[in-house]
Amino acid sequence: MSRKILVLPGDGIGPEITAEAVKILNACRDAGLDIVLEEGLVGGAGFDAFDEPLPAETLDMAKAADAILLGAVGGPKWDKLEDIGKRPEKGLLGLRKNLNLFGNLRPALLYPQLAEASSLKPEVVSGLDIMIVRELTGGIYFGQPRGIEERDGQRVGFNTYVYSEAEIERIGRVAFEMAQKRNGRLCSVDKANVLEVTMLWREVMERLSADYPDVELSHMYVDNAAMQLVRAPKQFDVIVTGNMFGDILSDAAAMLTGSIGMLPSASLNENGQGMYEPCHGSAPDIAGQGLANPLATILSVAMMLRYTLNETALAERIERAVGNVLDQGLRTADIAYAGTRKVTTAEMGDAVLEAFRAQR
Ligand code: NAD
């Protein structure tokens, strides 16, 4: 049976970068992959057409899809909307919540050809390949009670950091399985010296490790993990952590690679259904100018093939094609430096397509 892929270009550079990724999806279909592509509106585009950042029609299509490819949402046009429920970001959060996409995979992978782009010394980051597994639908971002209220004559803000054993186990299993498919090392990041919720987190990870004897489990406090990520990032294989720590550490890890335009991500639920998107936003400052780097979105397609469609060979073929165009010296403006050839969004997409087809 054909597998359904919903493409949600979104706002800003979203339509430009997803157009390049769709070229690759079509080439995969030409290579024998049985997929059907649909397109929908989300974010500001959804608001403009239906007065909703997540129109009902889009949500229905998303629920029925095997995988979703999302560009990015947001932009100054919608920043002033008074009803925050109508803001573009709500489209994204609504998709995560409705599809229960609890497992966020954020690779930080530095192509050796781009080692110069990092703010760290090339020898510290060259060949970097980390996978951060972040819990996405729980923890302090969602915990109740929360709010700002008056207590003893002054305002007090409060949030609740909460995880159930089941939530920890669910994300833990994703991370252990990921480590099994990679180099067999898993580092669980917590603050178990201070926070009870992460004492439980550590206990559950320890218990799970008995089911994965081939994975070497270690633990690290989050403050040390932040330090180690910029000191010696290549010591990590897979990192698993909660929603807030993962939010912060994955952005730090992303910047080790020098360019936000290179990094894909996946968010998965228990059925293996996934939403795939670049880590960056809608970059309104460069939208419509052919300046956007489409590689993060193209690499998101590779993740989709690997983690939802189980087509590892095609995923590797896309990743090789990306490596190949970088070897050729082609660069969009964000990763260009002296001696390389600056290309537009579409030229980069076409070059990857050509390199993909050449591997036939
Ligand atoms: P951003 O990631 O859009 O842009 C940050 C900087 O990186 C900009 O200078 C931009 O030009 C550059 N950049 C980003 N992607 C690039 C690419 N593919 N190629 C070349 N350069 C690229 O972050 P921001 O400026 O903080 O946010 C802009 C809008 O995007 C806001 O409305 C924000 O809410 C939204 N946003 C959306 C998502 C998402 O859809 N997942 C994530 C983050 C931000």
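Trainee: What should helix H11, residues 295-307, span at 1.5 Å a residue?
Mentor: This is a predicted model. The 13 residues of H11 should span 18 Å, and the end C-alpha atoms are 18 Å apart, which agrees.

Trainee: How many of the 13 residues of H11 are buried?
Mentor: The count is 12 of the 13, so H11 is largely enclosed by the rest of the structure. Among the buried ones are Leu-295, Ala-296, Ser-300, Met-304 and Tyr-307.

Trainee: Tyr-307 is on that list. Which residues does Met-178 touch, leaving out those up to four places away in sequence?
Mentor: Tyr-307 is one of them, along with Leu-105, Met-131, Val-133 and Val-238. Met-178 itself sits in helix H7, residues 165-181.

Trainee: Is Met-178 buried or exposed?
Mentor: Buried, because its relative accessible area is 4% and the cut-off for buried is under 20%.

Trainee: And how far apart are Met-178 and Met-131 in sequence and in space?
Mentor: They are 47 residues apart in sequence, and 8.4 Å apart in space, C-alpha to C-alpha.

Trainee: Back to Leu-295, then. Where is Leu-326, and what does it touch beyond four places in sequence?
Mentor: Leu-326 is in helix H12, residues 312-327. Its contacts include Leu-295, Tyr-111, Met-262 and Ile-335. With 1% relative accessibility, Leu-326 counts as buried.

Trainee: How far is Leu-326 from Leu-208?
Mentor: Their C-alpha atoms are separated by 40 Å, and the two are 118 residues apart along the chain.

Trainee: Switching to the ligand. How many residues surround it, and which are closest?
Mentor: There are 20 around it, and the closest are Val-73, Gly-281, Ala-283, Asp-285 and Asn-293. By class, that shell has 9 nonpolar, 7 polar and 4 charged residues.

Trainee: How much of the ligand's accessible area does the protein cover?
Mentor: The ligand has 800 Å² of accessible area on its own, and the protein covers 67% of that.

Trainee: What about the phi of Ala-283?
Mentor: Phi is positive, about 40°, although Ala-283 is not a glycine. Ala-283 lies in the loop between E12 and H11. At 22% relative accessibility it counts as partly exposed, because buried means under 20%.

Trainee: Where does His-280 lie?
Mentor: His-280 is in the loop between strand E12 (274-278) and H11. It has 10% relative accessibility and counts as buried.

Trainee: Which residues is His-280 in contact with, leaving aside neighbours within four places in sequence?
Mentor: Ile-13, Ile-17, Ala-72, Ile-260, Gly-261, Asn-293 and Ala-296. Of those, Ala-296 is one of the buried residues of H11, and Asn-293 is among the residues closest to the ligand.

Trainee: What other residue has a positive phi without being glycine?
Mentor: Asp-51, with phi near 65°. Asp-51 is in the loop between H2 and H3, and counts as partly exposed at 42% relative accessibility.

Trainee: Where is Pro-55, and is it buried or exposed?
Mentor: Pro-55 is in the loop between helix H2 (44-50) and helix H3 (56-64). It is buried, at 4% relative accessibility. Beyond four places in sequence, Pro-55 touches Leu-41, Gly-46 and Phe-50.

Trainee: Another proline: what kind of peptide bond joins Gln-144 and Pro-145?
Mentor: A cis one, with omega about -5°. Pro-145 is in the loop between strand E5 (129-135) and strand E6 (147-151).

Trainee: Last one. Is Gln-228 buried or exposed?
Mentor: Buried, with a relative accessible area of 11%. Gln-228 lies in helix H9, residues 222-231. Its contacts beyond four places in sequence are Met-220, Pro-233, Gln-235 and Phe-236.

Definitions and conventions:
Residues are numbered from 1 along each chain as its sequence is written. This is a predicted model: local features need pLDDT of at least 70, side-chain atom pairs count only at pLDDT 80 or more; totals for chains, interfaces and linings use all residues. Side-chain values use heavy atoms; hydrogens and water are left out. Helices (H or I, at least four residues) and strands (E, at least two) are DSSP runs, numbered from the N terminus. Buried means under 20% relative accessible area, exposed over 50%, partly exposed in between (1.4 Å probe, protein chains only). Contact means heavy atoms within 4.5 Å. The expected span of a helix is 1.5 Å times one less than its number of residues. A residue is near a molecule or strand if one of its heavy atoms lies within 4 Å of it. Accessible areas come from the Shrake-Rupley method with a 1.4 Å probe; for residues, only the protein chains shown count as cover. Ala, Val, Leu, Ile, Met, Phe, Trp, Tyr, Cys and Pro count as nonpolar, Asp, Glu, Lys and Arg as charged, and the others, Gly among them, as polar.
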